[in-house]
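Biologist: I want to learn how to read aromatic contacts in a model. Can you take me through them step by step?

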Amino acid sequence: MLHCSQAPDREPRRVAITTLGCKVNQYDTVAIAQALRRRGCEIVEFPRFADVYIVNSCTVTDRADSESLRLARRARRLNPQALVVLTGCFAQVAPQRAAIPEVDVVVGLNRLAELVEIVCGDRPLARVVVSDLRQTRKVRTVGVGTDSSRTRAFLKVQEGCDLFCSFCIVPMARGASRSVPPRAVVEQYDLLASIGVREIVLTGVHLGSWGHDLSPRLELADLVEMLLERDRVPRLRLSSIDPPEITPRLLHLFETAPALCPHLHVPIQAGVDSVLRRMRRRYDTELVRACLTEIRSRLPHAAIGTDVIAGFPGETEAEFEEGRAFFESLPLTYLHVFPYSPRQGTTAAKLPEQVPRTTVLHRARELRAQGERKRAAFARMFIGQKLKVLFEDRESDGGWSQGYSRNYQRVRVPTRIPGNSERDVEIVACEKGQLIGRCD
């Protein structure tokens with residue numbers, strides 16, 4: 001079999017990329033696509049016929065590993081002569097398991113230059129290209145985190161994690177926590193501003209640890225303040241930040257800087273101290289309650305979301321009910337609920353008293369229903385009020401336009417509004433947790 005990148009007289013033109021997992025993975029995919037475009041490649045949708053298929057994998061659970069392999073097999077069926085590359089977290093953590101017959105090359109994380117060379121035929125094919133990221137101290141996949149849309153862009157400012165929560169394989173996949181230097185962040189911010197992006201989302205594997213590895217040591221609030229002072233993009237949003245990292249200084253910036261969107265995603269994971277200890281989280285429910293209460297007191301209209309794992313090993317029915325009551329008592333806007341699924345290589349996968357799968361799924365449904373009730377109740381608060389909505393740069397849906405308010409409420413209006421424009425919208429109704437409005 002002769003794959004396209006093995007042909008000495010032909011550079012691949014059509015590359016299809018599919019992505020699993022988190023926003024950091026999505027950011028990395030955009031960086032890959034942009035690097036390949038600079039080499040003359042055409043990026044096509046994944047189901048289409050292509051010369052090269054890239055699967056940017058996730059490994060947060062064993063199911064994610066299986067899905068990554070399923071997509072690689074699908075790519076081979078789409079074009080048996082294509083070059084199939086598997087990259088991302090699964091490739092990094094388990095390269096030998098990822099190297100199934102349908103995959104030509106396994107490329108680990110932090111290897112963007114090598115990946116581009118492989119796709120474009122600039123280097124001989126190697127079965128596995130992976131290095132030990134725990135020894136790496138730089139972030140290499142830094143690029144403009146937007147593609148066809150100019151409305152919103154992700155800006156990765158941090159990579160890796162040092163926490164080693166008992167359920168998480170990410171520290172092994174992504175390596176040690178490391179920060180993008182402030183100068184590089186500012187350069188990327190300015191570049192995004194120059195192409196017309198109106199909202200930048202700061203993201204990272206463990207965003208709240210940004211700056212801790214720099215000399216002198218800095219805090220996330222320092223970076224946020226630097227970007228706010230430049231005042232070149234109307235909206236700045238944070239992707240996710242743990243409870244202990246929401247400092248008084250950071251909250252002060254939320255209170256005083258109009259560009260900093262009043263939206264905090266605070267992953268709690270569990271609402272019972274005994275479960276939090278088994279997860280090896282660095283806080284207890286008392287700190288969580290104090291943190292979220294302070295946010296709501298100082299930012300009354302802020303969206304406050306969280307991540308929750310349902311059915312963690314050893315979780316009893318009493319712990320589940322206690323946790324659900326705890327979440328109900330918090331000023332949360334929405335819940336992202338994840339049914340626990342074991343990941344080989346983590347402490348949690350070895351814990352006794354694994355919760356039956358049917359029970360895990362039942363508890364996840366209960367928590368999702370709770371989250372939807374909270375989402376709808378928060379949204380209804382804005383009926384009769386005006387919100388600033390940034391409309392998305394995409395095709396209108398039957399004459400309707402949609403976008404997000406600064407406090408992360410999805411809003412639709414029965415009018416064609418140009419994409420990437422921010423308008424004052426009067427909210428007139430709420431349907432299934434989604435706001436309906438009208439523009440003057």
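Modeller: Start with a cluster. In this predicted model, Phe167, Phe312 and Tyr340 form one aromatic cluster.

Biologist: How many aromatic pairs does a search of the whole structure find?

Modeller: The search finds seven.

Biologist: How is a pair of aromatic rings described?

Modeller: By the distance of the centres and the angle of the planes.

Biologist: Where in the chain do Phe312 and Tyr340 lie?

Modeller: In distant parts, 28 residues apart. Phe312 is in the loop between strand E12 (303-310) and helix H12 (317-329). Tyr340 is in the loop between strand E13 (334-339) and helix H13 (357-380).

Biologist: Are Phe312 and Tyr340 buried or exposed?

Modeller: Both are buried.

Biologist: Why is the pair of Tyr404 and Tyr408 stacked?

Modeller: Look at the angle. Planes under 30 degrees apart count as stacked. The planes of Tyr404 and Tyr408 are at 20°, with the ring centres 5.2 Å apart, so this pair is stacked. Tyr408 is partly exposed, at 31% relative accessibility.

Biologist: Which ring does the charged end of Arg412 sit over?

Modeller: The ring of Trp400. The charged end of Arg412 is 4.5 Å from the centre of that ring.

Biologist: What is the mean pLDDT of the chain?

Modeller: It is 91, and 93% of the residues reach 70 or more. Over residues 1-9, though, the pLDDT is below 50. That stretch has 24 contacts in the model beyond near neighbours in sequence.

Technical notes:
Residues are numbered from 1 along each chain as its sequence is written. This is a predicted model: local features need pLDDT of at least 70, side-chain atom pairs count only at pLDDT 80 or more; totals for chains, interfaces and linings use all residues. Side-chain values use heavy atoms; hydrogens and water are left out. pLDDT is the predictor's confidence in each residue, from 0 to 100. Contact means heavy atoms within 4.5 Å. Rings of Phe, Tyr and Trp (its six-membered ring) pair if their centres lie within 6.5 Å; planes under 30 degrees apart count as stacked, over 60 as edge-to-face and the rest as tilted. Helices (H or I, at least four residues) and strands (E, at least two) are DSSP runs, numbered from the N terminus. Buried means under 20% relative accessible area, exposed over 50%, partly exposed in between (1.4 Å probe, protein chains only). A charge sits over a ring if NZ of Lys or CZ of Arg is within 6 Å of the ring centre and within 35 degrees of the ring normal.
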